[in-house]
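Hi,

Here is the structure I promised to pass on. Have a look at it first, and then read my notes below.

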Amino acid sequence: MELGKTTTIRMILGIIKKDSGKITWNDKQVERKNVNFGYLPEERGIYPKIKVYEQMMYFAKLKGMKVKEADIEIKKWADKLKVSEYLNMPAEKLSKGNQQKVQFMTAILHSPELLILDEPFSGLDPVNTEIVKNVIIELVKNGKYIIMSSHQMSSIEEFCSDVLILNKGKTVLKGNLREIKNKYPANRVEICSKQNIENIIKEQNLDICFSKDNDYEVKINSEEDGYKLYKKLAENNSDILKFEIKKPSLNDIFIEKVGDK
Amino acid sequence: MRNLFNVAIFTIKDMIRRKSFIISNIIILLIIVALFNIPNILKLFNNGKDFDANAKLLIVDENNVFDGKLDVIKEIGINGYDIEVSNDSIEYEKIKEKIDNKEYDEAIMVDSFENTISIQYIVENLMYVDSVPEEIISAISSTYTNIQIQKLNLSKEELLSITPNFELNLTQTEEKEVEGNNFVMMLLSIVLFYAIYFCAYQVSTSITTEKTSKIIETLVTSTSPKTIVLGKTIGIGIIGLIQIAVMIITAFISKTLFLEEGILDSFINFDNITPSLLVITLIYFLLGYAAYALIYALTGSTVSKPEEVQSANGPVAILAVIGFYLSYFTMMNPTSNLNEIAALLPISSPFCMPFRIMMGLAETKDIVFSIGILLVTIFIVAKVSIKIYSSAILNYGSKLSLKDIVRIYKNKND
């Protein structure tokens, strides 16, 4: 979908010219000389014939790091991202996931204050996704600011406090994620029970969106519908393992805002 | 400045590790060694005989046309021949056998009838003879004339009046004097063209490789497009210089090891290869390379697939070939006015100015003017290339047309 994420990021970083407006960070124009930023592009790129360590060192030097300092950082992050054993191998010999982690390293080596990640998890297997997630969490804990662009709304919900949804280069939604979600009423209940409770739900005139092995997702019109259902299940002595009244996910909001357009 | 150095060093490391680079350079060096071994190779195919050893020539005068005095021809000598003269009666079949047995390479049978002296020239295969052996005919003819003159018992004065000494003086009407070694300079111009062209081409390939491997997006956010373009140009230029130095050293070692001393003296006068020639050649190599490399940086950034590089570089190649031929034609006629234009045009001046300077055809103001034009050209080309590079490098679509390039340049200037 051509939404304009990558183009916006390229404008933020000054790689492409913007038609109008100003992009600042701490009142400074976002440029290499003003802001210490790191960037993981959506397009995965690496020097295939060159050893991983060497290309890491090259980018570290380009970002102004001294050799000794760069060496320490390369080894530290390679260890955290579990690519230490590949440092002396030509990049083309690494799996795609490991190549992606190497590229992620180039974005964070120089300890940027602002980190821009374009689709950081796409193409990663669950193990590598977890490794990268942990590093991102660590970076946030260390006070780094992260701008993350993704199609995967679950990742955005997991990491981001503020969101901006674009469609064809136009802003369709922006603001604090919690505030946005609070504006939407609860629209479903997730239930996990020990026995079949389909009849009880239907008695309440509620629609089941999804059911599998006594796990249910039930559509509700308000939180009140949820409380009523909970009460009914309790009256029937149903063994409920999980009952959660849920607001629309970011995925739902995205589909609502972008899907029809 | 530091990043310029980093990009240059990285480009050098990247280039010298490529298999294609290593293999092509090994092949070039082997060709150089082989070229200097041509005499030895020819010797191998010539049954161990030196290719430039004198051919054995047998002259048979069984009817004493030369009054038994044909031995004189041995004193006069014929270049490239060891001569043996026989007044015995030897049949054609016998001579043929001697040639087949490599006892002689060539033979001549002399005979006369009425007022004509017939010369039968016998050789194993006429294909082995460059042309009609005019020198042999001329030597035989002048030997015969001398023998006949001696028979007339002429006085010394009479003899001198028949065979006067001719003194040849050459004078040119143009003021410009052509000096130096034409062959060396032409060779140098050809080497300069190939060195400049192929090194500059590498810049384009290197940029396209970075674009196609998508590393460029990380790169342009790590340092400025200007640093990338100039760093690459410098890095590949250094490799080019090292390549040329290695080739010259290989050629020099090969000459010392494999060639007999003095064998090249008739082609190349090494006294003409002076330090000032080397400095001037180096300056023009660097300037010519910079101009072409920066144009190639532009074309390299406009394509998205390695297979498109060649077609994108086509117009630049045509420009370079026009430049080369312009300088080549003027070398054929060093004093023509076209030469002055070729010496000033930035596309041809790097190839022909070293030639003109060494031939004593260029004045100081010509050199200053030509270098000035080249520097201005490099500056303009660098500015345009960097501008277009920084926009075109992230265009992953189809190859950019000239119209697109002009549009990008205009947008950047807004």
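Let's start with a definition: two strands count as paired if DSSP finds at least two bridges between them. The elements themselves are DSSP runs numbered from the N terminus, with helices being H or I runs of at least four residues and strands being E runs of at least two. Please keep in mind that this is a predicted model, where local features need pLDDT of at least 70, side-chain atom pairs count only at pLDDT 80 or more, and totals for chains, interfaces and linings use all residues. Residues are numbered from 1 along each chain as its sequence is written, while chains are lettered from A and ligands numbered from 1 in the order in which they are written.

Now to chain B. Four strands make an open sheet there, ordered β2-β1-β3-β4, and the pairing is mixed. At its edges sit β2 (81-86) and β4 (116-123) of chain B, each pairing on one side only. On average, neighbouring strands in this sheet are turned by 20° against each other, direction ignored (axes are lines fitted to C-alpha atoms, for helices over the stretch in contact, and angles run from 0 to 180 degrees between N-to-C directions). Inside the sheet, β1 (residues 55-60) and β3 (residues 106-113) of chain B are parallel and share four bridges.

What about α4(A) and α5 (residues 126-141) of chain A? Their axes come within 11 Å and cross at roughly 10°. That makes the two helices, α4(A) and α5(A), roughly parallel, a label for angles under 35 degrees.

Finally, how many residues does each chain give to the contact between them? Chain B gives 18 residues and chain A gives 21 residues. On the chain B side, α1(B) brings the largest share, five residues.

Cheers

Key: Contact = placed C-beta atoms within 7 Å. Parallel < 35°, antiparallel > 145°, perpendicular 65-115°, else oblique.
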